[in-house]
Amino acid sequence: MNTATASADIGGHKDDFLATTRSDPWWKGWAATAIGLTVFFGYLTVRVFQGYYMWADPYLSPLVAPPLFTTLDSVNYPNAAPLKHAWLGTFPAWWPRFVPQSPGFMFPVLAIMFRMTCYYYRKAYYRAFFATPPGCAVRGAPLKYRGETALLLVQNLHRYALYGALFLLVFLWYDVGLAFFKNGRFGIGVGTLVMLINVVLISGYTFGCHSWRHLIGGRKDCFSCDSGSKTAHKVWKKSTWLNQRHMLFAWLSLVWVAFTDFYIMLCSKGVIKDLNTW
Ligand code: FES
């Protein structure tokens, strides 16, 4: 037996990095995912570090919501989250000087944990950034496959990250409610609609989560035993509909949260004028 040939041709595929017998342009999805994740998570990271131009009355960027602390330093942080939104007032003296005074480093981190441990995003960034593998039937990076063991066991915390995401969602809806009022007067602006779409998409993403679907019905043995289980079945079916479109909502909500922040930043800077009824 020729051992060299056997090791270079496992299961009908060449044993070289990125080798495949596929003839379709499989790499387009790989490249698009890598570029998309880099651009949108890159933008969000930069904005969280900035912490300024997060407020254009009555719109608060979702990247700092809900703010635990805020800053009154309008020179370094113009239009930061307003004091009336900050739960505990201004940043305390013990806040490390090398960390920007951005509320995005507090509660919004829960959203990062939720996305980073999401079943869909795991597949996306394992493929896009670690090429393990980059696509179905494509030879991946020469890494020893050990599954989600050792450090990657942390991914099992996703079910708990869900609770953090649900907590955040309540406040994102609350902020949309506030975005209908300016100086105590009811009205509506383009920013209100942008924020509303944002929270609808994030809700669609959150309630299509595999852990949520398990929590509200998937763990049940019987869907017709009593009125409670029948209700659970109805909710579970709605969650299933969202779950089947989880990747779509993952991307739409990611793009739109970046757009929402971008729109509020432009209004905050005075680059564009928000059309509204106030
Ligand atoms: S599986 Fe994607 S958010 Fe839970």
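Q: How much of this protein counts as buried?
A: Of its 278 residues, 30% count as buried. Keep in mind that this is a predicted model.

Q: OK, and how many helices and strands are there?
A: There are nine helices and six strands. The C-alpha atoms fill a box of roughly 80 × 55 × 40 Å along the principal axes.

Q: What share of the contacts join residues at least 24 apart?
A: Taking contacts between residues at least 6 apart in sequence, 67% join residues at least 24 apart.

Q: Let's go inside. Which residues touch the most other members of the largest nonpolar core?
A: Met54, Tyr59, Leu60, Ala81 and Ile264 do, in a core of 47 residues. Elements giving two or more residues to this core include helix 2, strand 3 (55-56), strand 4 (59-60) and helix 9.

Q: Which element gives the most?
A: Helix 9, with ten residues.

Q: You mentioned Tyr59. What is Tyr59 in contact with, leaving aside its neighbours within four places in sequence?
A: Ala179, Gly191, Met195, Ile264 and Cys267. Two of the helices show up there again: Gly191 and Met195 are in helix 6, and Ile264 and Cys267 are in helix 9.

Q: So how do helix 6 and helix 9 cross?
A: Their axes come within 9 Å and cross at roughly 155°. An angle over 145° counts as roughly antiparallel, so that is what helix 6 is to helix 9. The crossing is left-handed.

Q: Which residues meet there?
A: On the helix 6 side they include Val194, Ile197, Leu201 and Tyr205, and on the helix 9 side they include Phe249, Leu252, Trp256 and Tyr263. By class, this contact of helix 6 with helix 9 has 14 nonpolar, five polar and no charged residues.

Q: What about helix 2 and helix 9, at what angle do they pack?
A: Helix 2 (residues 27-50) and helix 9 (residues 246-269) pack at about 35°, with their axes 10 Å apart. Their crossing is left-handed.

Q: And which residues meet in that one?
A: Phe40, Tyr43, Leu44 and Arg47 from helix 2 meet Leu254, Val255, Ala258 and Asp261 from helix 9. The contact of helix 2 with helix 9 divides into six nonpolar, no polar and two charged residues.

Q: Switching to helix 7: which residues are buried there?
A: In helix 7 (residues 210-218), Ser211, Trp212, Arg213 and Gly217 are buried. The buried residues of helix 7 pack against helix 5 (158-178), helix 6 (190-206) and helix 8 (227-243).

Q: Where are Pro58 and Pro133?
A: Pro58 is in the loop between strand 3 and strand 4, while Pro133 is in the loop between helix 4 and helix 5.

Q: Which residues other than glycine have a positive phi?
A: Among them are Leu18, with phi of about 75°, and Asn183, with phi near 50°. Leu18 is in the loop between strand 2 (13-14) and helix 2, and Asn183 is in the loop between strand 5 (181-182) and strand 6 (185-186).

Q: Why does Asn183 count as exposed?
A: Because Asn183 has 8 C-beta neighbours inside 10 Å, and the cut-off for exposed is 12 or fewer. Leu18 has 16 other C-beta atoms within 10 Å, so Leu18 is partly exposed.

Key: Residues are numbered from 1 along each chain as its sequence is written. This is a predicted model: local features need pLDDT of at least 70, side-chain atom pairs count only at pLDDT 80 or more; totals for chains, interfaces and linings use all residues. Axes are lines fitted to C-alpha atoms, for helices over the stretch in contact, and angles run from 0 to 180 degrees between N-to-C directions. Helices (H or I, at least four residues) and strands (E, at least two) are DSSP runs, numbered from the N terminus. A crossing is left-handed if the near helix is turned anticlockwise from the far one by less than a right angle, and right-handed if clockwise. Two residues are in contact if their C-beta atoms, placed from the backbone, lie within 7 Å. Ala, Val, Leu, Ile, Met, Phe, Trp, Tyr, Cys and Pro count as nonpolar, Asp, Glu, Lys and Arg as charged, and the others, Gly among them, as polar. A residue is buried if 20 or more other C-beta atoms lie within 10 Å of its own, exposed if 12 or fewer, and partly exposed in between; C-beta atoms are placed from the backbone. Angles under 35 degrees count as roughly parallel, over 145 as roughly antiparallel, 65 to 115 as roughly perpendicular and the rest as oblique. A nonpolar core is a set of buried Ala, Val, Leu, Ile, Met, Phe, Trp, Tyr and Cys residues joined through C-beta atoms within 7 Å.
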